[in-house]
Amino acid sequence: MRGQSFLLTPVQIASGVVISFLLILFSFAGTFDGFRVLIGAVLAGVQSDSTAFFGGFADELDFLSSLSSLRDERDQLIEENLALESENATLKTQLDDLRSVTKELQFDLPFELIPVRVRFYDQARMGEVIINKGSDSNIAVSDVVIVDNFAVGEVISVEPRSARVRLLTSPESAVPVKVIGTETKGLLRGEFGTGLILTEVLNERTLEKGEQLITTGINTSFPFGLNAGTAGDVISLESELTKRARVISPVEFNNLQRLFVLKQ
Amino acid sequence: MTTILTIILVLLVPFVELFFAGARIASLSEIRLIYLIGLMLILVKHPRSGMLLVIAGTLFVELAAFRPVAGLDAVAFFIAAGITAVLFRFSSFLPRENTYLQAALIFSLSLIMRHVFLITSGQQSYQLEPVSLVTNGAILILALFIHGRLKKPENAFKN
């Protein structure tokens with residue numbers, strides 16, 4: 001059989017399975033952490049480049065596939081522009097009110113920002129990315145990651161030269177948020193690794209489409225006042241105690257490149 | 001020729017895999033088993049070296065791709081190899097000399113086993129998505145073609 005067939009002998013198969021299971025056990029025990037750091041350090045450049053390359057590649061594909069719909073969008077945008085111009089006049093008068101409201105957005109503690117780059121999107125763990133700095137750069141578990149004052153995610157594990165960040169879009173993410181100017185609170189959860197949804201909002205509380213959400217800073221590592229997006233379509237059933245809403249965020253969670261880690 | 005191709009496969013394929021692993025196109029990042037099929041070429045002539053390379057190669061890629069659990073790919077491969085060996089040993093209709101069929105079975109079963117392991121361990125798997133299936137099928141055909149080109153012609157007059 002040897003030399004003529006792909007079939008392995010029972011002894012070879014058994015030893016292969018045993019070795020593989022030992023690898024899994026060692027993996028759980030953290031034996032490979034050193035190798036992981038070493039390989040990660042050597043391949044950091046390749047991974048950053050491939051992430052950047054495919055980011056641009058995906059944009060090109062999106063552009064090509066959307067050519068046919070551009071004309072429809074243009075017509076729609078012209079109509080929306082007219083509506084926005086009239087709305088703009090109204091908004092100017094409300095600007096002073098908004099200035100007082102935006103005081104809520106001020107951080108309650110001084111922060112230091114550490115700039116980082118996304119090195120890798122983990123396809124096996126939906127909504128998680130690897131960044132290019134870790135404990136060597138003073139990054140620790142539970143540090144919050146932002147971009148342009150928008151909450152992006154939270155560091156869930158660190159290695160000397162990399163860290164794993166759970167994005168808000170992760171199905172395992174749940175961040176307490178509130179609506180600016182009201183007492184409406186809820187939990188911001190990830191949906192399928194790409195979208196955001198606001199849940200656990202009491203039915204008696206008001207929640208309108210377009211209202212801005214910020215983090216509450218309570219029972220979470222996210223500080224008070226980080227932008228979390230705006231409420232989209234509200235889904236409310238009378239038979240349920242709570243309602244939920246889609247959340248629209250300007251952050252492109254599937255195309256992150258440069259981020260900042262907040263150090264409190 | 002075989003040695004050169006083997007060296008290229010052993011050294012190059014993990015880096016190709018790592019490159020695609022950075023893609024946001026999920027199906028492209030699921031081609032790790034290209035490495036296994038490439039190593040099958042070595043298994044035919046040097047089973048022990050081939051086995052070690054399957055273990056080392058998949059482990060390397062798993063560690064570099066930040067997989068939380070390392071070793072799943074190797075387990076998937078060896079279980080698939082075991083099932084295939086049992087099938088060929090106890091069936092009367094599967095031709096033992098058909099290496100193409102053996103490789104295809106090992107490869108397909110490896111994909112399925114890996115998918116099951118990933119899902120069971122709480123990770124995501126895009127292995128059974130149409131694009132992944134087509135990509136992996138194309139890889140299998142290409143690998144078998146290379147294998148066929150490398151295989152020495154048999155002497156029909158040899159007893």
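In chain A, A:Lys178 stands opposite A:Ile214 of strand β9(A). This pairing belongs to a predicted model, in which strand β6 (residues 174–179) of chain A and strand β9 (residues 212–215) of chain A run antiparallel to each other and are joined over three bridges. Strand β9(A) also pairs with strand β10 (residues 227–235) of chain A, again in the antiparallel sense and over three bridges; here A:Gln212 has A:Thr230 of β10(A) as its bridge partner.

The confidence of the prediction was examined for chain A, where the mean pLDDT is 80 and 86% of the residues reach 70 or more. Among the elements of this chain, strand β5 (residues 162–167) has the highest mean pLDDT, at 91, whereas helix α4 (residues 95–101) of chain A has the lowest, at 59. Where pLDDT is low, the predicted coordinates should not be read in detail.

Between the two chains, helix α1 (residues 10–29) of chain A and helix α4 (residues 72–90) of chain B approach with their axes within 8 Å and cross at roughly 160°. Because this angle is over 145 degrees, α1(A) is roughly antiparallel to α4(B), and the crossing of the two helices is left-handed. On the side of α1(A), the contact is made by A:Ile13, A:Gly16, A:Val17, A:Ser20, A:Phe21, A:Leu23 and A:Ile24, and on the side of α4(B) by B:Leu72, B:Ala74, B:Val75, B:Phe78, B:Ile79, B:Ala81, B:Gly82 and B:Ala85. Twelve of the residues in this contact are nonpolar and three are polar, with no charged residue taking part.

Within chain B, helix α4(B) also packs against helix α5 (residues 99–120) of chain B, their axes coming within 8 Å and crossing at roughly 135°. That angle makes α4(B) oblique to α5(B), and the crossing is right-handed. Helix α4(B) contributes B:Leu72, B:Asp73, B:Val75, B:Ala76, B:Phe77, B:Ile79, B:Ala80, B:Ala81, B:Ile83, B:Thr84, B:Leu87 and B:Phe88 to the contact, while α5(B) contributes B:Gln102, B:Leu105, B:Ile106, B:Leu109, B:Ser110, B:Met113, B:Arg114, B:Phe117 and B:Leu118. The residues of this contact comprise 16 nonpolar, three polar and two charged. Residues of α4(B) including B:Leu72, B:Val75, B:Ile79 and B:Ala81 take part both in the contact with α1(A) and in the contact with α5(B).

Technical notes:
Residues are numbered from 1 along each chain as its sequence is written. Chains are lettered from A and ligands numbered from 1 in the order in which they are written. This is a predicted model: local features need pLDDT of at least 70, side-chain atom pairs count only at pLDDT 80 or more; totals for chains, interfaces and linings use all residues. Axes are lines fitted to C-alpha atoms, for helices over the stretch in contact, and angles run from 0 to 180 degrees between N-to-C directions. Helices (H or I, at least four residues) and strands (E, at least two) are DSSP runs, numbered from the N terminus. Angles under 35 degrees count as roughly parallel, over 145 as roughly antiparallel, 65 to 115 as roughly perpendicular and the rest as oblique. A crossing is left-handed if the near helix is turned anticlockwise from the far one by less than a right angle, and right-handed if clockwise. Two residues are in contact if their C-beta atoms, placed from the backbone, lie within 7 Å. Ala, Val, Leu, Ile, Met, Phe, Trp, Tyr, Cys and Pro count as nonpolar, Asp, Glu, Lys and Arg as charged, and the others, Gly among them, as polar. pLDDT is the predictor's confidence in each residue, from 0 to 100. Two strands pair if DSSP finds at least two bridges between them.
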